[in-house]
Amino acid sequence: MTLAEKRKLGSVLVVGAGVAGIQASLDMANSGFYVHLVDRSPSVGGIMAQLDKTFPTNDCAMCVISPFLVEVGRHLNIHVIPCSELERLDGEKGDFKATIVNHPRYIDTEKCTGCGQCRQVCPVVAINEFNCGLDLRKATYIPYPQAVPLAYAIDRNACIGCGMCEKVCLAGAVTYDDKTKITELEVGSVILAPGGEMYDPKEADSWSYSHPNVVTSLEFERILSASGPYRGHLMRPYDREEPEKIAWLQCVGSRDINRAKNSHCSSVCCMYAIKQTMIAKEHSAHELDTAIFYMDMRTYGKDFDKYYSRAKEERGVRFIRSRVHSIEPVENGNLRLRYVKESGESVEEIFNMVVLSVGFKPSSGVETIAKKLGLTLNEQHFFRTGDIRPVATSRDGVYVCGVSHGPKDIPQSVMEASAAASVATSDLSSARWSATRTPQLPPETDFSKMVPRIGVFVCNCGINIGGVADVPAIREYAKTLPHVVHVEDNLFTCSQDTQERMKQVIREKNINRVVVASCSPRTHEPLFQETIREAGLNKYLFEMANIRDQNTWVHKNNPDLATAKAKDLVRMAVAKAEYIEPLHQVKLDVKPAVLIVGGGVAGMEAALGAAEQGFQAYLVEKTDTLGGMAHQLRKTWQGEDIPAYLERLIKDVTNHSKIQIFLNTKPVHFTGTIGSFTTTLNDIHTGNPNGIIEHGAAILATGGREYRPEGYQYGNRPDVMTHLDLDQAMKDTPATVMNADTIVFIQCVGSRNSDRPYCSRVCCTHTLKNAIELKKIKPGMNIFVMYRDVRSYGFRESLYQEARALGVHFIRFDPENPPQMNIAENNILTITVTDHILQRPIVISPDLVVLAAAVLPNENKELFELFKVPVNAEGFLVEAHAKLRPVDFGSEGLFLAGLAHYPKSIDESIAQARAAVSRAVTIVSKDGIMVGGVVAAVNPDRCAVCCTCVRACPYGIPFIGNEGHAVIQQAECHGCGVCVSECPGKAITLQHFTDQQLIAKTRALFYQPAMNE
């Protein structure tokens, strides 16, 4: 029996409910599959829920993740199963039987209302694991205020069985006799996302971790957090005094084969240490001295180098290249660090606190799961995956994402989660929607004849708002505003408990307009709109006052003015809310097809992924060949054969019945809205039309290229080449390389400078891989690598260790004093570089010089303008959100992948391409999508048929109809408002932003209260 003939189930099991597990679950649930989400913890969220801020934007971590927590908790097609573990997995791909062990919680989540009465009467305290042991919690507890599910649990290890919680629980939720249960689930595939754990410094005495003022990086996150043990006040545990000097020690528990036995780089530590120094400075009432001790600064991600420069140059963070061996406690709770500079100078310095930047290690459940499921682990005991199949485990039908198969940052985890969702459901497409349920919303209440009754909800947002503005004062002020019948403030308005309370208040007080004063509508408006819709309100009867991004973040040094401005913003929002009206959307048929622009690896993987999901894919490539930059590569960093992979991929794409390929073609016209786009294609050479295609989503994977260096005699001499030149030479004319006795690699050529202030990410790995290969072929060859920082992140650190063991010489240089090339009279090259250890210049006469040239995005200005997608200063595409929407554009229905987004390795490009497919399928898998609402509407009586709107619309939507006036189809309008601003007769109105609403808001802004108010 073939796989196609076997039973396929429309449900999927996800193990691990951190950010990766949540993202995978949401993608699959929104594209037609029922998801069982299992986690050992009483709640979802993982490590991200413990963070204070996220880099490089310094967004509040809880603010960013809260909408996702609420969505996964309320989603009709996601079954959250807390306090549970996967015990065994029988069957095969498409038809598994998963055995789940459900550990007792001792409180029934179906009955628990989260009121907290049980916690208040509980007489027993225990260590608070969520706050890393820095304070205590009750034996009856919720891990954190925004937890999902918002239900208490009883820690029976601490509980004394007094029965108080059962006596006060009016819901009858306490179940002391709760027992371990076994559940069996039938699922088509499994995604493992059990996450990682932080290294425990207790394993080595030299860090003095037993001292109260030596804390781990995760403990420091909780110290900074508004919901942490010190409520966001920066203080040291020893005496609760504010520190004046703090040191961060990097690579604690990683890049260490002696004390920690962990050889890998943990990838995120450099960036989170920089973030913590900057946030700590903001929390400090005085000038805080911060110092980071490091070996290599690995800020290799998008905008990471800019963040590093900002910390160093604008915020005064000290960066000291030295590895501190030990920490010595001294008087008054202080700590002495002795370290040696690169110059050999010995230094001794006293700090008030030391933060250990601890690395990732596999979750304690990884080895257990691997044994139960028969999965292969790598040498570091993470799940083993390959470069060509980056989310596939050694067992067919079982996939992995997030930190459990390697340390990584949040956006990479999110990308992999979406990629895993795409691959895990690609063979289950025939079972799509077979196991899902359809939500039933209450009918909308008609408020058309009622006076406005406005409810105002003010968010404290941890200390993001409440740490600057006076939230109680804002709350009391809102009570005085016209038509306001209810006001309250909450720690986090986006949390699940507040969402439920909001619905309850709306019903009880007959509220018909809702104003939330909190953060940005860009990230949170859909969440609040969904909540009020579930309470029976039209979702457009909602207005938001952005008192965080536009106020407290901007005016954090002026609390009084920030409070006054918050009142202004709330007053304006309430004034507009008085005039907002219900708006209605129309259902638009979805075009079950995906357009992919770019025929490199990312584009082909995206096309193949969409086709495997059962949807038509249109692949557009401007050249006459598929494959892009990958044609110039030989092997992945793990040694997998790229030409063989590329040949298979091109064959699979070319032969797939659901993929139509357009070579020598470019898009010339693009219009439509999410779910229903139309793109016109032209032949590159003739300019003739090459087809008009209709599609529900589009993925831009337009690729990148290698920088052609200026300097170092590149282009003038055959013995100076780039990485790709070297790869080509080793493939075509290997003797030209192997005849060399001395080779010099120069890193960061064309990147990490003022023109291109970013790390090209792949260069260090490429250099290490080639240096190792050359050394193995010709051991006597002298190889020198001249670098600023060796950025062999993650498991790539093994390449660095291997290169050094093989005798590759590494010489560091400063950007102010880069290697100098000279040509002697006999035409012999010499490279001069200053060695920081010897403190003197070194002159090398190489036979070959290899330049690690920057990775650039391809020039596609016209294309990006056509699709109206943003690019950054360096020309890379800008994603909707740096952390949790790394493959989405701000414009719905458009996605990105590959080098067009940022330099990345081939495995990362494949993962991002498959992630883009997952996101696109959440759209094209639906038979219809609701559009409209905030769109332009024409008043025929005022239209003079001047055609101004027709000419002005950037999307080409308005037209002059047979009725004799301008017509704007609600289903096609993008709601940009250009036609409204240009119409000379004011015949066009942008709904939800009418003149009446905006004038009311403007009048409220300039409102001057009477003296007696």
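Which residues form one aromatic cluster with Phe55?

Analyst: Phe55, Tyr300, Phe304 and Tyr793 form one aromatic cluster. First, the ground rules. The model is predicted: local features need pLDDT of at least 70, side-chain atom pairs count only at pLDDT 80 or more, and totals for chains, interfaces and linings use all residues. Residues are numbered from 1 along each chain as its sequence is written, and side-chain values use heavy atoms, with hydrogens and water left out.

Rings of Phe, Tyr and Trp (its six-membered ring) pair if their centres lie within 6.5 Å; planes under 30 degrees apart count as stacked, over 60 as edge-to-face, and the rest as tilted. A search of the whole structure finds 20 aromatic pairs. One of them joins Phe55 to Phe304: edge-to-face, 5.4 Å centre to centre, with 80° between the planes. Phe55 sits in the loop between β3 (53–54) and β4 (59–60) and Phe304 in helix α7 (residues 304–314), so this pair ties together parts that are 249 residues apart in sequence. Here helices (H or I, at least four residues) and strands (E, at least two) are DSSP runs, numbered from the N terminus.

Another pair is Tyr300 with Tyr793. Their ring centres are 4.0 Å apart and their planes are at 10°, so this pair is stacked. Distant parts of the chain are linked again: Tyr300 is in the loop between β17 (289–294) and α7, Tyr793 in the loop between β40 (782–787) and α20 (797–805), and the two are 493 residues apart.

How exposed are these rings? Buried means under 20% relative accessible area, exposed over 50%, and partly exposed in between (1.4 Å probe, protein chains only). Phe55 and Phe304 are buried. Tyr300 is buried too, with a relative accessible area of 6%. Tyr793 counts as buried at 4% relative accessibility.

Strand β40 has a partner in β39 (residues 742–749): five bridges join them, and they run parallel. Two strands pair if DSSP finds at least two bridges between them. Ile746 stands opposite Met786 in β40. Eight of the eight residues of β39 are buried, so this strand is largely enclosed by the rest of the structure.

On the other flank is α20. Helix α19 (residues 763–777) and α20 pack at about 35°, with their axes 9 Å apart. Axes are lines fitted to C-alpha atoms, for helices over the stretch in contact, and angles run from 0 to 180 degrees between N-to-C directions. The crossing of α19 and α20 is left-handed. A crossing is left-handed if the near helix is turned anticlockwise from the far one by less than a right angle, and right-handed if clockwise. Thr765, Leu768, Ile772 and Lys776 of α19 meet Leu799, Tyr800, Glu802 and Ala803 of α20. Contact means heavy atoms within 4.5 Å. By class, this contact has five nonpolar, one polar and two charged residues. Ala, Val, Leu, Ile, Met, Phe, Trp, Tyr, Cys and Pro count as nonpolar, Asp, Glu, Lys and Arg as charged, and the others, Gly among them, as polar.

Between β39 and α19 there is a loop that holds Arg752. At 11% relative accessibility, Arg752 counts as buried. Not counting residues up to four places away in sequence, Arg752 touches Asp305, Tyr308, Pro757, Tyr758, Cys759, Arg788, Asp789 and Arg791. The C-alpha atoms of Arg752 and Leu663 are 35 Å apart, for 89 residues along the chain.

Strand β3 is among the elements that the buried residues of α5 pack against; the others are β14 (196–198), β15 (214–216), β16 (245–252), α6 (269–283) and β22 (353–358). Those buried residues are Ser217, Leu218, Glu219, Phe220, Glu221, Arg222, Ile223 and Leu224. Eight of the eight residues of helix α5 (residues 217–224) are buried, so the helix is largely enclosed by the rest of the structure.

To recap, the aromatic cluster is Phe55, Tyr300, Phe304 and Tyr793. It includes an edge-to-face pair, Phe55 with Phe304, and a stacked pair, Tyr300 with Tyr793.
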